[in-house]
Amino acid sequence: MASPSRRLQTKPVITCLKSVLLIYTFIFWITGVILLAVGIWGKVSLENYFSLLNEKATNVPFVLIGTGTVIILLGTFGCFATCRASAWMLKLYAMFLTLIFLVELVAAIVGFVFRHEIKNSFKSNYENALKEYNSTGDYRSEAVDKIQSTLHCCGVTNYRDWKGTNYYSETGFPKSCCKLEGCYPQRDADKVNEEGCFIKVMTTIESEMGVVAGISFGVACFQLIGIFLAYCLSRAITNNQYEIV
């Protein structure tokens, strides 16, 4: 049995670790809310871009939404485990944090490795969307119109890309190519935006996905602190129980 003075020295350490871990868990819970919000924002604001990518790319917002939800649930569990000062629950909390960290790390590496494929896939799908464009409003045509009107661009590399399409041969330029709202460009190139959409879209995706990647990376690194704190508190509680016995 350890001396009373030894136990008195251990208890302040446990109290301190519990306080720090509770603060961490609350912040971690908030990051889960942020990831959930970013996923929803990405789904809404980048929907037009994702619709012109492959099916795997469209799952990115859902991955963030799922991760955010898991973090919120895990943060709640971590807070309960810390308040209960349960060694086995804290070890389980640290294990779950480690698993989520590894999943996020793998996802980040895969996204970085295949980033060029995303560009090529978008360009190819955008070109196909122009060829199959119609004004009746299928989802790809709507995405093309939304991108062209929002970014003030026309075609893939420039407005001339439309001249090889069936829609242009029958109708002319779509209204989304107009420089001014409400114009009817038809075949008048002076009324349409000359700059292509591909470079603008890539710039927009890289800037907005940079925000998503930065937040995700920050959350992943932040989890390392939680793993360390949960492990230390679990070990301190276990040692203290052993000393009392």
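Guide: I100 is buried, because its relative accessible area is 12%, and buried means under 20% (exposed is over 50%, partly exposed is in between, with a 1.4 Å probe and protein chains only). This is a predicted model, in which local features need pLDDT of at least 70 and side-chain atom pairs count only at pLDDT 80 or more, while totals for chains, interfaces and linings use all residues. Residues are numbered from 1 along each chain as its sequence is written, and side-chain values use heavy atoms, with hydrogens and water left out.

I100 belongs to helix α4, residues 87–113. Helices here are DSSP runs of H or I with at least four residues, strands are runs of E with at least two, and both are numbered from the N terminus. Apart from neighbours within four places in sequence, I100 is in contact with V70, L74 and Q223, where contact means heavy atoms within 4.5 Å. T67 is 33 residues away from I100 along the chain, and the C-alpha atoms of the two are separated by 8.1 Å.

A85 sits in the loop between α3 (60–84) and α4. A85 is not a glycine, yet its phi is positive, at about 55°. With a relative accessible area of 22%, A85 is partly exposed.

The UniProt record, an unreviewed entry, annotates residues 21–42, 62–80, 92–114 and 211–233 as "transmembrane region". Its positions are given in the numbering used here, feature names are shortened, and annotations may be inferred rather than shown by experiment. In the model, residues 62–80 are 100% helix and 0% strand, with their end C-alpha atoms 27 Å apart. Residues 21–42 are likewise 100% helix and 0% strand, and there the end C-alpha atoms lie 31 Å apart.

I23, F26, I27, W29, I30, V33 and I34 make a nonpolar surface patch of about 600 Å². Patches are made of residues with over 30% relative accessible area and no salt bridge; like charges are joined within 9 Å, and nonpolar side chains (Val, Leu, Ile, Met, Phe, Trp, Tyr) within 5 Å. A salt bridge is a side-chain nitrogen of Lys or Arg within 4 Å of a carboxyl oxygen of Asp or Glu. The areas come from the Shrake-Rupley method with a 1.4 Å probe, and for residues only the protein chains shown count as cover. F26 is exposed, at 53% relative accessible area.

Now the cysteines. A disulfide is a covalent bond between the sulfur atoms of two cysteines. The rule used here asks for a pair of cysteine sulfur atoms within 2.5 Å, and by this rule the count is two.

C153 lies in the loop between α6 (139–151) and α7 and C197 in the loop between α7 and α8, so the bond ties together parts that are 44 residues apart in sequence. C153 counts as buried at 0% relative accessibility, and C197 is buried with a relative accessible area of 0%.

The other disulfide joins C154 to C177, with an S to S distance of 2.2 Å. The link of C154 and C177 is right-handed too, with 80° about the S-S bond. C154 is in the loop between α6 and α7 and C177 in the loop between α7 and α8, so this pair ties together parts 23 residues apart in sequence. Both C154 and C177 are buried.

C79, by contrast, is in no disulfide, and the nearest cysteine sulfur, that of C83, is 4.3 Å away. That distance is too far for a bond. C79 is partly exposed at 33% relative accessible area, and C83 is partly exposed at 49%.

Two loop positions remain. H152, in the loop between α6 and α7, is a residue other than glycine with a positive phi, near 55°. H152 is partly exposed, with a relative accessible area of 46%. T171 is in the loop between α7 (166–170) and α8 (198–244). Leaving aside neighbours within four places in sequence, T171 is in contact with Q186 and R187. T171 is partly exposed at 40% relative accessible area.
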